[in-house]
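Please keep the model in view while reading.

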Amino acid sequence: MKTKISQMLGIKYPILQGGMAWVSEANMAAAVSNAGGLGIIAAANAPASWLREQIKIAKALTNMPFGVNIMIMSPYADEVAKVVVEENIKVVTTGAGSPKKYMNIWKDAGIKVIPVIASSAMAQKVEKQGADAVIAEGWESGGHIGQIATMALVPKVVDSVKIPVIAAGGIGDERGVAAAFMLGATGVQMGTRFIATKECQAHRNYKDRIIKAEDTDTVVTGLSASKPVRALKNTMTNKYLELEKTGASFEELELLTFESLKNASEKGDVVSGSVMAGQISGIINSELSCKELIEKIITGTEKLIGGKGFYE
Ligand code: TUI
């Protein structure tokens, strides 16, 4: 399935695996890349030494290209920004902030830079800064989100920039991928769907909550502090929302989420941890290998819209 994105990134299928903090590690990234998509290691808020080790593991597991996601608000962003250059990484995606500060060193190193954005204004800003493509992420997504739904965001971003657009947020099967192409995207990124894969190392409890989730099971916390985060409802999100109603400060609220994502994804604490996941959890009901998942989605998408020129 050749599109502007698959050609730009040198991959077989225009499917990116989202860079999910404390979930997207080397094993999953390598499995996605070996299956013809673009696997992505999330640098999250980990130090450079952790990322370097993950890159080493992924290089041992695949000869295909893979990317690194850099969360701009990480305290280690400066050092991980250098690691991707030193390790000859071909694709960098960024999230939760503007990549401006690092654009020159990455472009000079020949890295394809693809920021995740949640508005058309931000898409135009990063295009001017030299981004090679953008990931337009709707608020259906899990984790830190913007406020526009994918259905409205993607066509608006497509109309606002000349660089290729990758759609993200609420995509979990071939119907979502076909819809994304109809909206003008030339690639997709999926996060939540890849958590329910055999190669994903997230804790069994985390995967099971996604597999069992209904469409109404996610909530958005942090709107009062303009730091919206979507996660599956649990004791933590209930407490958070209660405290928000009482006008609690962001610092007080943050005490609830401290280390909470890692507690969910690594220790399996799906009660007091943060089980970040998107609204598409509702349609995810089985665990597949990354290869099975990607092949099913590509075959299905081709059946729906193949040969009709919707993607190129
Ligand atoms: O980054 C994400 N999703 C994330 S990051 C994350 S880690 C975290 N953990 C605990 C609390 C909060 C976060 C979990 N999920 N998605 C990409 C994304 N980026 N969505 C929205 C944005 C974004 C926001 C503001 C991109 C640019 C931006 O720019 C603001 C500006 O003007 O600089």
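The model is predicted. Around the ligand there are 13 residues, and those that come nearest are Met 71, Ala 96, Val 116, Glu 137 and His 144. Sorted by class, this shell holds 7 nonpolar, 5 polar and 1 charged residues.

Polar contacts are listed in the table, each one between a nitrogen atom of the ligand and an atom of the protein.

| Residue | Protein atom | Distance to a ligand nitrogen |
|---|---|---|
| Ala 96 | polar backbone atom | 2.9 Å |
| Glu 137 | N or O atom in the side chain | 3.2 Å |
| His 144 | polar backbone atom | 2.9 Å |

How much of the ligand's accessible area does the protein cover? On its own, the ligand has 710 Å² of accessible area, and the protein covers 71% of that.

His 144, listed in the table with a distance of 2.9 Å, also has a place in the sheet: its bridge partner is Val 229 in strand S11. The sheet is open and consists of 3 strands in the order S7-S11-S10, with antiparallel pairing. Strands S7 (143-144) and S10 (218-221) are at the edges; each has a single partner strand, so one side of each has no neighbour in the sheet. Strand S7 and strand S11 (residues 229-232) run antiparallel and are joined by 2 bridges.

A helix also belongs to this picture. Helix H11, made of residues 235-245, lies across S10 and S11, and its direction is at about 40 degrees to S10.

Methods
Residues are numbered from 1 along each chain as its sequence is written. This is a predicted model: local features need pLDDT of at least 70, side-chain atom pairs count only at pLDDT 80 or more; totals for chains, interfaces and linings use all residues. Side-chain values use heavy atoms; hydrogens and water are left out. A residue is near a molecule or strand if one of its heavy atoms lies within 4 Å of it. A polar contact is a pair of N or O atoms within 3.5 Å; within protein, one must be able to donate a hydrogen and the other to accept it, and residues adjacent in sequence count only if both atoms are side-chain atoms. Accessible areas come from the Shrake-Rupley method with a 1.4 Å probe; for residues, only the protein chains shown count as cover. Ala, Val, Leu, Ile, Met, Phe, Trp, Tyr, Cys and Pro count as nonpolar, Asp, Glu, Lys and Arg as charged, and the others, Gly among them, as polar. Two strands pair if DSSP finds at least two bridges between them. Helices (H or I, at least four residues) and strands (E, at least two) are DSSP runs, numbered from the N terminus. Contact means heavy atoms within 4.5 Å. Axes are lines fitted to C-alpha atoms, for helices over the stretch in contact, and angles run from 0 to 180 degrees between N-to-C directions.
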